[in-house]
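Work through the exercises below with the coordinates open, trying each task before reading its solution.

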2 protein chains.
Amino acid sequence: MSLQIRGWKHVFKLDPARSLHDDALERVCLSGTDAIIVGGSSDISYDNTVDLLSRIRRYELPCVLEISTTEAIVPGFDLYFIPVVLNAGNTEWITGQHQRALRDYGSLLRWEQMIPEGYVILNENCTAAALTEADCNLTEQDIMAYARMADKLFRMPIFYMEYSGVFGNMEWVQQAAKVIQGAQLFYGGGIDSPEKALQASAAADTIVVGNVVYDNLEQAIATVAAVKVTL
Amino acid sequence: MSLQIRGWKHVFKLDPARSLHDDALERVCLSGTDAIIVGGSSDISYDNTVDLLSRIRRYELPCVLEISTTEAIVPGFDLYFIPVVLNAGNTEWITGQHQRALRDYGSLLRWEQMIPEGYVILNENCTAAALTEADCNLTEQDIMAYARMADKLFRMPIFYMEYSGVFGNMEWVQQAAKVIQGAQLFYGGGIDSPEKALQASAAADTIVVGNVVYDNLEQAIATVAAVKVTL
């Protein structure tokens, strides 16, 4: 299952709650990126998720739903990423919603499509941090502990460092890469240029490019070539 | 790693904070049980844990520390069980203490000895329930969801149904056994006779016998034969 994602160097994350013109979506989908992740932190609904999925499905690349609310678990994605927010201050984002989803849909799920992500939210000013009451006041040692938690204790296929909106500390990302053994290291946050894509890609296994798609499409598309050249 | 525990049908759980005479300990250790788990919910210290370990070490059976406080992580056990209380109401018992332990000791740990347990506390009146603010008001469907969470989402080697002090609902234990695929099902709580040991053993992979060791040693020892006969 996690083999499918192993080779991914670059993914775009698209937000169902934000509008993206057909032409822009086409450029994103034909950019050469490895996959599209559909996900966001607010105003995610079943309808806007279905809508975005159906538009992405015109293209051949893998499409993943990063589940953020049990109300928008739409069938038809290739994979489902299930965030477990390791530094959440509220059990809702670690076990609570997951338990209710498993209770209501557990017997129907195709487990080979489900990929838990050990998530650490590192920008205290982002929506996700407020929502999950995340403790973002972390030292390097704290983050390495979360890396080991995802990788060793919970044996999750993904450890995800999310700086959401700001470009993070690449030394910490590199250190996390050294600490983890089985998990794949995802990095997201503030990648708004080919240069930053390259820096992040030197540290993490997979980089996630999000906001810049909406803010500056040319720069967003250019992040793909920057990363793929290093292959 | 989890192979070591696969064949275990019966284990005794001994509490470092409770006193047990040498003669009684010898009978427990020579009873034919598969292993001793050292663990408890209150007044566990480094000193009383070391003391109990050294006394058990005179005998040849496997000895496991179920970590309940980071202050009493004593080296020299064969394995370390790391409880993750899936129905805890406070993140401390799911990720909090674990993160601090990984931060302080993460680089020193021998991971092949570490076994995460997906724990569900089912007796609302027990010490562990109060401590972890566990939601014990659970339906069968809720418990099956936790079973899937341990087994499928977190891929833990153990799913542990803990009724601590009372004999639980064996139908629910049987249902959990049907739902889980990879995890080993541990059952603990209220096994104070060979009859109850047999019932619990018919439902779970591994039964944990605790309090009765202190309350009625003869009955405790008799639970071993009851279970081993069914092999």
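The exercises that follow concern a predicted model, and each task is followed by a stepwise solution.

**Exercise 1. Relating the two copies**

Task: determine by what turn and what shift along the axis chain A can be laid on chain B, and state what kind of axis relates the copies.

Solution. Step two is the superposition itself, in which chain A is laid on chain B by a turn of 180° and a shift of 0.0 Å along the axis, with an RMSD of 0.0 Å. The two copies are therefore related as by a two-fold rotation axis. Step three turns to the contact residues, where 100% of those of chain A recur in chain B, the same surface serving both copies.

**Exercise 2. Describing the interface**

Solution. Of the area that chain A buries against chain B, A:L153, A:F154 and A:R155 supply 22%, more than any other three residues.

Next come the polar terms. Six residue pairs are in polar contact across the interface of chain A and chain B, and the count of salt bridges between these chains is two. In one salt bridge, the side chains of A:R103 and B:D142 meet with an N to O distance of 3.0 Å.

**Exercise 3. Salt bridges within the chains**

Task: find how far apart in sequence the parts are that A:D34 and A:K228 tie together, and do likewise for B:R18 and B:D215.

Solution. The starting point is that side chains of opposite charge can pair when their charged atoms come close. A search of the whole structure finds 24 salt bridges over all chains. One of them joins A:D34 and A:K228, whose closest N and O atoms are 2.5 Å apart. Because A:D34 lies in the loop between α2 (22-29) and β2 (35-38) of chain A while A:K228 lies in helix α10 (residues 217-228) of chain A, the pair ties together parts that are 194 residues apart in sequence. A:D34 is buried, with a relative accessible area of 15%, whereas A:K228 is partly exposed at 23%.

For the second pair, the closest N and O atoms of B:R18 and B:D215 are 3.8 Å apart, and these residues form a salt bridge. This pair links distant parts of chain B, 197 residues apart, with B:R18 in the loop between β1 (10-14) and α2 (22-29) and B:D215 in helix α9 (residues 212-215). B:R18 is partly exposed, with a relative accessibility of 34%, and B:D215 is exposed, with a relative accessible area of 58%. Salt bridges with shared partners also join A:K13, A:E66 and A:E162 into one network.

**Exercise 4. The surroundings of A:R55**

Task: decide whether A:R55 is buried or exposed, and list its contacts beyond the neighbours within four places in sequence.

Solution. First locate A:R55, which lies in helix α3 (residues 46-56) of chain A. Its relative accessible area is 13%, so A:R55 counts as buried, the limit being under 20%. Leaving aside neighbours within four places in sequence, A:R55 is in contact with A:L20, A:H21, A:D22 and A:L25. The side chains of A:R55 and A:D22 are joined by a polar contact of 2.9 Å.

**Exercise 5. The buried residues of α7(A)**

Task: identify the buried residues of helix α7 (residues 170-179) of chain A, and state which elements they pack against.

Solution. The buried residues of this helix are A:M170, A:V173, A:A176 and A:V179. In an α-helix, with 3.6 residues a turn, residues three or four places apart point the same way. The buried residues of α7(A) pack against α6, β6 (158-162), β7 (184-188) and α8 (194-203) of chain A. At the start of α7(A), a side-chain oxygen of A:N169 comes to within 3.0 Å of the backbone nitrogen of A:E171.

How values were computed: Residues numbered from 1 in each chain as written. Chains lettered and ligands numbered in written order. Predicted model: local features only at pLDDT ≥ 70, side-chain atom pairs only at ≥ 80, totals over all residues. Heavy atoms only, no water. Least-squares fit on C-alpha atoms with pLDDT ≥ 70 in both. Contact = heavy atoms within 4.5 Å. Salt bridge = Lys/Arg side-chain N within 4 Å of Asp/Glu carboxyl O. Helix = DSSP H or I, 4+ residues; strand = E, 2+ residues; numbered from the N terminus. Buried < 20%, exposed > 50% of the residue type's maximum accessible area, 1.4 Å probe, protein only. Buried area = accessible area lost by both parts, 1.4 Å probe. Polar contact = N/O pair within 3.5 Å; in protein donor to acceptor, adjacent residues only side chain to side chain.
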